[in-house]
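Colleague: Before I use this model, I would like to go through its side-chain packing and backbone geometry with you. Could we take it point by point?

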Amino acid sequence: MNKRLWLFKGLAALSPLLALVLVEGLLRLFGYGHDYRLFVEDPQRKGYWIMNPHASERYFTETDNATTGNFEPFRQRKAEGTFRIFVLGESTTIGYPYFHNGSFHRWLHYRLMHTFPNRNFEIINLSLTAVNSYTVFGFAQQLPAYEPDAVLIYTGHNEYYGAMGVGSTSSLGGHPALVRLVLKLRELRLMQLLNRTLAGIRKTMSGGKVDLRENLMKRMAADQQIAYGSATYQQGIEQFKTNLNDLCRLFSEKQIPVFISNLVSNEKDLKPFVSAPGSTTASAQHQFTQATHAYANGQFAEAKQRFVQAKELDLLRFRAPEAMNQVIQELANRYPEVTVVEAKAVFEHHSPNGILGQETLLEHVHPNLYGYALLSDAFYEALKKKRLIAPEWKKELSFAQLRQQMPITPVDSLKGVFEMLILKEGWPFNEPMAPEENRPKTIEEQLAGALVVKQITWPDAMQQLLAHYQKAQNPQAALEVTEALMLEYPYDPAFYGQAGKLALSLNQPERAVWFLKKAFQLEETFAVAQNLFITLLKLDRPDEALPYLRYAAAHNESAFSLNELQNFVDQLVSAKNQYLADTTNVALSNQLAAGYLKFANTAGAAKYVAKSLRLDPRNPVALQLKAQLQTLKP
Amino acid sequence: MEFFQEFWLFMRTRKRYWLYPLLVLLLLLSLLTVMTTGSALAPFIYSLF
């Protein structure tokens, strides 16, 4: 009897756990709550992963506040020759306020795909606004299973006030182990139910009043002030160190290269948000005023030191303290797979007197478009130094070329400007907006304005812009927009094909070939193959044209037979190979010119006629071909 | 069957063996949730970064 009593006691003690398991099971069965794993299958593209739109909810107490990021699909089965990069971080990392192609990872993607045209790059940005190293670490833990070739990280500015940060979370904010336990528990639907119930109670008790936004923010920000060197300040550093250290150890154990950028902040063009009263050296405002005077007097070393000190002393910690950069450097020293990306040095190099300000940054931490290009350059150089993609980086797209070619449309650029005007009008910047100009708005301004107030989506804005440029017969601008869409939708062959046609209309055959080859890789069609072989023959690259010609002949949709042309190109390839072995052979040069002329390829023919006449200015065959060419040319 | 009947009787009469642990568990989970709640400022400052 005693034995049975003990058994009952044991079973009774276990029953609460069983009850919770049962409730958890029932909640899952009836589809309550969300699965927080990082990737889910792309509903629009079978065989591809995309970031789970609910993945971030785990990090936000009230899921309504949870931010969502990019949805950049990547293949579930990594294709051979693909270089896969994951990007982790915060608002700067996702390109705020431009997003889309303004983000540094798109600049990097564009540059890498032009530097290595035959490689396939998957650069998947998993960054979110308002998050910090907890989210970065949480996401990072799930990445090794998805075969990354490198992981790029830019994080640190949100450490205090970002989701679960020490400055934005009550009581347990300074205890990473407990915060992680809670984050783990939030995977349970039961915990999600509890969370929502408590949030509902809070909302009911507060009466749902949130309209006193400005005053509430000011009042609460006063409670959120974090003094330099205070306990909360140190907890923030510890939190950052713990999360990033575990992240670096994880990737080092898995031998995955990690590139962590040091952080940049506005130094000279942003006065401290909140300063300690008085004019002592502990006052951020005092340091800032002194720095401004020193700068005006040309004492730049002193100015730099004081500007940085002003940032360090700012009681509202929207800018990461320098200690974060030291943590990043220490991690790189400790873990072999970790490389520091010297963004700070790059920004300093491109700022007057090495002091960061409005030349590269929009406000406290977010770069302008030039700044994002610089950030991408810092990562590019770090990847290159590590020789990850290839041992030698030949035929690179230079930084100057990148800045010139990167498809940032006027709408993207204006959207950033408008977004900034709105942001700076409110707390804690409080910069009144200039009165609106009394003039009709351009289509670009209209679209950017609609984007900022979320009247339209970015793809819709781009499609409308494209339609406008096409109607206005501006193929150059239309190509830029098409390229922008191409970067946003790297698996859509239609944009590559369209870009190819536009490049041809702009008489840019080399660029056209690049676009068309990408289009053909994604989807083999007769139309693209036809454009490709014609353009490649015009460029005198018959060996490259041949596979596309063969494809076109096998899938011929035109009324003309391509067999004769195929035979001709076969002969052309052979003749060209002979010619390349003996470039002084005028007969061969003439043969190539005549061949091209037969198929009305005047560009190819002219090239070889010129070669023949250079070798033998009185060569009768070459002269005759030249005369024929002149009759053909308009 | 007799075993389950006896157990049920035990559960009904000795609630402290299962009710208290259940309450403690729920209290602990709630406490963790409350203690990691974002401040009311959080949604506003999120818009800054």
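Colleague: How far from the centre of the ring of A:Trp6 is the charged end of A:Lys9?

Modeller: This is a predicted model, in which local features need pLDDT of at least 70, side-chain atom pairs count only at pLDDT 80 or more, and totals for chains, interfaces and linings use all residues. Residues are numbered from 1 along each chain as its sequence is written, chains are lettered from A and ligands numbered from 1 in the order in which they are written, and side-chain values use heavy atoms, with hydrogens and water left out. A charge sits over a ring if NZ of Lys or CZ of Arg is within 6 Å of the ring centre and within 35 degrees of the ring normal. The charged end of A:Lys9 sits over the ring of A:Trp6, and its distance from the ring centre is 4.4 Å.

Colleague: Over the ring of which residue does the charged end of A:Arg45 sit?

Modeller: The charged end of A:Arg45 also sits over a ring. The distance to the ring centre is 5.5 Å, and the ring belongs to A:Tyr48.

Colleague: What is the angle between the planes of A:Phe74 and A:Phe86?

Modeller: Rings of Phe, Tyr and Trp (its six-membered ring) pair if their centres lie within 6.5 Å; planes under 30 degrees apart count as stacked, over 60 as edge-to-face and the rest as tilted. The search of the whole structure gives 33 aromatic pairs over all chains. In the pair of A:Phe74 and A:Phe86, the centres are 5.4 Å apart and the arrangement is edge-to-face, with an angle between the planes of 80°.

Colleague: How many residues apart are A:Phe74 and A:Phe86?

Modeller: Helices (H or I, at least four residues) and strands (E, at least two) are DSSP runs, numbered from the N terminus. A:Phe74 is in strand S3 (residues 74-75) of chain A and A:Phe86 in strand S4 (residues 82-89) of chain A, so the pair links distant parts of the chain. Their separation is 12 residues.

Colleague: Is A:Phe74 buried or exposed?

Modeller: Buried means under 20% relative accessible area, exposed over 50%, partly exposed in between (1.4 Å probe, protein chains only). A:Phe74 has a relative accessibility of 0%, so A:Phe74 counts as buried.

Colleague: Which two helices are tied together by the pair of A:Phe288 and A:Phe307?

Modeller: A:Phe288 and A:Phe307 form an edge-to-face pair, 5.5 Å centre to centre and with 65° between the planes. A:Phe288 is buried at 10% relative accessibility, and A:Phe307 is buried at 2%. The two residues are 19 apart in sequence, and the pair ties together helix H9 (residues 284-296) and helix H10 (residues 300-313) of chain A.

Colleague: Which residue's backbone oxygen does the side chain of A:Ser351 reach?

Modeller: A:Ser351 is in the loop between helix H12 (343-349) and H13 of chain A, and its relative accessible area of 7% makes it buried. A polar contact is a pair of N or O atoms within 3.5 Å; within protein, one must be able to donate a hydrogen and the other to accept it, and residues adjacent in sequence count only if both atoms are side-chain atoms. At 2.6 Å, the side chain of A:Ser351 reaches the backbone oxygen of A:Phe347.

Colleague: What is omega for the cis peptide bond that joins A:Trp427 and A:Pro428?

Modeller: Most residues other than glycine have a negative phi, and most peptide bonds are trans. A:Pro428 is in the loop between helix H15 (410-425) and helix H16 (443-452) of chain A. For the cis bond between A:Trp427 and A:Pro428, omega is about 5°.

Colleague: What is phi of A:Gln473?

Modeller: A:Gln473 lies in the loop between helix H17 (458-471) and helix H18 (475-488) of chain A. A:Gln473 is exposed, with a relative accessible area of 69%. Its phi is positive, in a residue other than glycine, and is near 50°.
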